[in-house]
Amino acid sequence: MPGSRQESALVEVDSNIWILEGDTVSFYGFCYPTRCVIIRLPSGKLWVWSPIALTPAVRQQIDALGTPTHLVSPNKIHHLFLQDWKAAWQEARFWGPQSTIPKRTDLAFEPALDEAVPDAFESVIDMVRFSGSPVMDELVFLHRPSATVILADLSEHFSEGFLHRHWKPWQRWIAGLWGIVEGKGYAPLEWRLSFFDRRKARTCRDRILAWSPERVIMAHGVWQPGNGTAFLRQALAWV
């Protein structure tokens, strides 16, 4: 995908959890920022969610934190750069939902993540597979020590500034109509419409809200350093 390059910026969210910002990429003509989350497990191993483009600057900052051991694709869209990270850290293991695995037959995934959290995540990460759609699902994670929920596309929370810099006027109109803007943070409309089994989706939502998170990090948009539970109630109100 074509994209625009920016200086990667490592942000410490809390003890043993960081955000690393990546380039913007084009997704069906819409410009999306990229972001990965790095968690240092109790063993010192790194758990990396939605790896971004592996530039020299990214590699340098990751090496300063430790060694990536777990590379996680949260849904079937977030998988673009996995092979580059595997080439750099060959002992790393791939994790993802069943929907991702057939898209990347070039990569050897661990058994598909569904309900059970692997022992390899060392008891500091919880997980809900957000289901109810025949075509889309997503793994939602909680970093327990920091009370941080990690979402991919179940919440898109674009700032007005980002949209004005990167999206055309008609695209900004769509963003507002769909509620993927700061203050709402909904999933894209086509995602929401695909969730025919709302009862199942509501069960997943309620499990996530029961975590009572303090922070919420999403792949695209303004992440929430506080009031995480209130934010998620708003972002998942469509369910």
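1. Contacts of Gly-221. Leaving out residues up to four places away in sequence, Gly-221 touches Pro-33, Arg-35, His-157 and Phe-158. Contact here means heavy atoms within 4.5 Å. Gly-221 belongs to strand β11, residues 215–221. Helices (H or I, at least four residues) and strands (E, at least two) are DSSP runs, numbered from the N terminus. Gly-221 is buried, at 13% relative accessible area. Buried means under 20% relative accessible area, exposed over 50%, and partly exposed in between (1.4 Å probe, protein chains only). Ser-50 lies 171 residues away along the chain, and its C-alpha atom is 15 Å from that of Gly-221.

2. Basis of the model. This is a predicted model: local features need pLDDT of at least 70, side-chain atom pairs count only at pLDDT 80 or more, and totals for chains, interfaces and linings use all residues. Residues are numbered from 1 along each chain as its sequence is written, and side-chain values use heavy atoms, with hydrogens and water left out.

3. Overall fold. The chain has 7 helices and 11 strands. Its radius of gyration is 17 Å, close to the 18 Å that the globule rule gives for 239 residues, so the chain is as compact as a globular protein of that length. That radius is taken over C-alpha atoms, and the rule is 2.2 Å times the number of residues to the power 0.38. Buried residues make up 56% of the 239. Of the contacts between residues at least 6 apart in sequence, 55% join residues at least 24 apart.

4. Helix α1. This helix covers residues 56–65, and its buried residues are Val-58, Gln-61, Ile-62 and Leu-65. Seen down the axis of α1, they fall within an arc of 100 degrees, so they line one face of the helix. The arc is that of the directions from the helix axis to the C-beta atoms. Pro-56, Gln-60 and Ala-64 are exposed on the other side of α1. Gly-66 follows the helix, with a positive phi near 155 degrees.

5. Two serines to check. Most residues other than glycine have a negative phi. Ser-123 has a positive phi, near 65 degrees. Ser-123 sits in the loop between β7 (93–95) and β8 (125–130). Ser-123 is exposed, at 61% relative accessibility. Ser-212 also has a positive phi, near 50 degrees. Its loop runs between α6 (198–209) and β11.
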